[in-house]
Amino acid sequence: WALWGIGAGVLGILANLVADPIVSLTTAQKQQGPAVLSHVHRANFQIGAVAGFLTVACVLVFAAGWRQWSERHGAPTSAARLVGLALTASAGAMIIGYGIKGPLAIYLPGGIDAHTYPSQGLYSLLMLNDSAPYFAWWGVIVAAAGVAWLAFRERLVVRWVGAVSVLAVIAAFAWLALTGLTDFGGIVGPVWFILASVGLARRRA
């Protein structure tokens with residue numbers, strides 16, 4: 001089950017950093033307002049939506065496996081339950097965050113319902129897409145905090161996974177506290193998921 005976390009991390013990186021056309025836009029292009037839509041292509045949003053919803057599935061399968069695994073080690077502690085709850089919360093937020101990509105894929109030129117809505121409306125969706133798929137990963141950051149506790153206080157998880165978890169939590173919260181940026185969870189979260197899943201898979205083996 002831990003390998004599903006690797007899938008979640010890889011697909012999250014694909015959806016957030018590889019397929020999202022906003023990442024490649026220049027500052028000058030972003031300042032054009034609704035005209036910026038001419039610099040993005042609907043196919044990128046379609047790829048992001050598909051990858052995003054596959055990420056949701058992977059996160060939920062991982063959460064189910066985590067619950068079963070933690071119960072095998074006795075009655076789950078509060079930290080172990082927190083991990084499962086946080087991952088489930090993140091999956092729900094991801095449905096919304098990645099769901100925003102869908103309308104952009106179908107309403108931009110080339111989509112099945114192209115030219116249905118004015119550019120001002122699509123620009124609003126583009127602005128939401130700039131943050132929502134990223135802050136949807138904050139549940140994963142909370143899960144990382146739970147894993148760190150389990151590693152150092154309860155010894156249920158190997159310590160190097162705990163160390164990676166601490167770094168992920170510190171990085172995400174530092175950017176939030178210092179700048180108000182909520183997006184960093186969507187950058188750190190997928191990487192943490194990959195590394196933590198490798199450690200958990202080896203521990204399970």
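Leaving aside neighbours within four places in sequence, with which residues is Phe193 in contact?

**View 1. Surroundings of Phe193 in the predicted model**. Apart from neighbours within four places in sequence, Phe193 is in contact with Gly5, Ala8, Gly9, Val59, Phe62, Leu87, Trp137 and Val140. Phe193 belongs to the largest nonpolar core, which has 43 residues.

**View 2. The largest nonpolar core**. Among the 43 residues of this core, Trp66, Leu87, Val157 and Phe193 touch the most other members. At least two residues of the core come from each of the helices α1 (3-18), α3 (42-72), α4, α8, α9 (159-179) and α10 (185-204). Another core, of 12 residues, lies apart from the largest one; Ile22, Leu37, Ala105 and Leu126 are among its members. In soluble globular proteins, nonpolar side chains tend to be buried together.

**View 3. Packing of helix α4 against helix α8**. Helix α4 spans residues 78-99 and helix α8 spans residues 138-152. The two pack at an angle of about 165 degrees, and their axes are 7 Å apart. Because angles over 145 degrees count as roughly antiparallel, α4 and α8 are described as roughly antiparallel to each other. Their crossing is left-handed.

**View 4. Residues at the contact of α4 with α8**. On the α4 side, the contact comprises Ala79, Ala80, Leu82, Val83, Ala86, Leu87, Ser90 and Met94. These meet Trp138, Gly139, Val140, Val142, Ala143, Gly146, Val147, Trp149 and Leu150 of α8. By class, the residues of this contact are 14 nonpolar, three polar and no charged.

**View 5. Ala2 in the segment before α1**. Ala2 has a relative accessible area of 2% and is therefore buried. With residues up to four places away in sequence not counted, Ala2 touches Phe62, Ser197, Leu200 and Ala201. Ala2 and Gly84 are separated by 82 residues in sequence and by 13 Å in space, C-alpha to C-alpha.

**View 6. Asn129 in helix α6**. Helix α6 covers residues 119-129, and Asn129 lies within it. Asn129 counts as buried because its relative accessibility is 0%. Leaving aside neighbours within four places in sequence, Asn129 is in contact with Asp20, Ile22, Phe45, Ile100, Lys101, Leu104 and Tyr134.

Note on methods
Residues are numbered from 1 along each chain as its sequence is written. This is a predicted model: local features need pLDDT of at least 70, side-chain atom pairs count only at pLDDT 80 or more; totals for chains, interfaces and linings use all residues. Side-chain values use heavy atoms; hydrogens and water are left out. Axes are lines fitted to C-alpha atoms, for helices over the stretch in contact, and angles run from 0 to 180 degrees between N-to-C directions. Helices (H or I, at least four residues) and strands (E, at least two) are DSSP runs, numbered from the N terminus. Angles under 35 degrees count as roughly parallel, over 145 as roughly antiparallel, 65 to 115 as roughly perpendicular and the rest as oblique. A crossing is left-handed if the near helix is turned anticlockwise from the far one by less than a right angle, and right-handed if clockwise. Contact means heavy atoms within 4.5 Å. Ala, Val, Leu, Ile, Met, Phe, Trp, Tyr, Cys and Pro count as nonpolar, Asp, Glu, Lys and Arg as charged, and the others, Gly among them, as polar. A nonpolar core is a set of buried Ala, Val, Leu, Ile, Met, Phe, Trp, Tyr and Cys residues joined through side-chain atoms within 4.5 Å. Buried means under 20% relative accessible area, exposed over 50%, partly exposed in between (1.4 Å probe, protein chains only).
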